[in-house]
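Here is a short tour of a predicted model, written for someone who likes cut-offs spelled out. Let's look at the annotated sites, the helix packing and the confidence in turn.

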Amino acid sequence: MAAVHDLEMESMNLNMGREMKEELEEEEKMREDGGGKDRAKSRKVHRIVSKWMLPEKARGTYLERANCFPPPVFIISISLAELAVFIYYAVWKPQKQWITLDTGILESPFIYSPEKREEAWRFISYMLVHAGVQHILGNLCMQLVLGIPLEMVHKGLRVGLVYLAGVIAGSLASSIFDPLRYLVGASGGVYALMGGYFMNVLVVLDMGFALYRRFFVPEDGSPVSFAAHIAGGFAGMSIGYTVFSCFDKALLKDPRFWIAIVAYLACVLFAVFFNIFLSPAN
């Protein structure tokens with residue numbers, strides 16, 4: 001066992017040494033070509049992103065064509081919109097404290113409301129409204145930390161597709177499994193990004209917090225629907241994983257993408273049927 005461990009450590013050290021040598025050679029080449037410090041810094045950022053977001057065999061292909069054009073516009077824009085809506089409701093209806101915003105947002109035209117399900121835009125617009133400072137900061141931190149590097153690799157169209165798939169899945173799942181609850185927050189989209197790349201301890205911890213708020217807060221509090229978190233994660237694990245695992249391929253030529261889309265649409269159609277004919281909120 002000790003010998004195997006020593007071999008593994010030696011192989012790891014050789015790989016690290018090779019990577020450092022390649023970085024130094026690349027920087028030296030850019031200096032000779034007149035690329036300047038800015039280009040070297042940009043290249044270093046892309047190398048760090050590729051190590052975090054891509055398997056080793058895909059990093060070379062990414063680095064060959066890596067650039068910041070277009071920049072990560074989608075995830076930054078959606079984050080600014082969510083922050084602006086939160087500030088609007090926090091200021092418009094002055095709060096005694098910002099931990100929970102239970103006044104104002106319940107009358108918002110954006111919030112998902114069981115009694116107003118015929119206003120279909122609410123199944124998406126609920127992502128703009130958050131229940132308190134913990135809620136908004138948690139979602140913004142997660143989606144920026146994950147979304148910016150993901151968008152640098154996969155670009156805004158694909159990241160937006162995964163994010164919105166999680167948002168829609170979250171509201172539809174909540175309308176089925178938690179049909180009498182209001183719904184706010186971008187957790188469905190955030191979970192889709194997380195599920196699409198890595199389901200790690202962050203998901204477990206945040207899901208535990210969602211379950212606690214749903215079942216153990218007082219009746220006069222603002223419980224959240226845990227179904228949106230779970231559905232967003234599953235959307236990420238299906239559509240998101242397919243999208244993020246083939247960054248250098250055409251999605252329309254990948255049969256996994258079509259399988260995921262068909263399964264997703266089947267769930268959406270069932271949720272629509274349920275809301276029209278079977279929901280207890282009718």
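## Annotated active site

An unreviewed UniProt entry places the feature "active site" at S187 and H229; UniProt positions follow the numbering used here, feature names are shortened, and annotations may be inferred rather than shown by experiment. The two span 43 residues in sequence, yet no two of their C-alpha atoms are more than 5.9 Å apart, so they gather at one spot. S187 has its place in helix α7. Helices here are DSSP runs (H or I, at least four residues), as are strands (E, at least two), numbered from the N terminus.

This is a predicted model, in which local features need pLDDT of at least 70 and side-chain atom pairs count only at pLDDT 80 or more, while totals for chains, interfaces and linings use all residues. Residues are numbered from 1 along each chain as its sequence is written, and side-chain values use heavy atoms, with hydrogens and water left out.

Helix α6 (residues 133-177) packs against helix α7 (residues 187-197) at an angle of about 60°, with their axes 7 Å apart. Axes are lines fitted to C-alpha atoms, for helices over the stretch in contact, and angles run from 0 to 180 degrees between N-to-C directions. That makes α6 oblique to α7; angles under 35 degrees count as roughly parallel, over 145 as roughly antiparallel, 65 to 115 as roughly perpendicular and the rest as oblique. Residues that meet (contact means heavy atoms within 4.5 Å) include H135, M142 and Y163 in α6 and S187, V190 and Y197 in α7.

Helix α4 (residues 73-92) also packs with α6, at about 155° and with axes 7 Å apart. The pair α4 and α6 is therefore roughly antiparallel. Among the residues in this contact are F74, E82 and F86 of α4, and I136, E151 and Y163 of α6.

UniProt's unreviewed entry places "transmembrane region" at residues 73-92, 160-177, 189-212, 224-244 and 256-278. Residues 73-92 are 100% helix and 0% strand, with end C-alpha atoms 28 Å apart. Residues 256-278 are likewise 100% helix and 0% strand, and their end C-alpha atoms lie 32 Å apart.

## Where to be careful

The protein chain has a mean pLDDT (the predictor's confidence in each residue, from 0 to 100) of 76, and 68% of its residues reach 70 or more. Where pLDDT is low, the predicted coordinates should not be read in detail.
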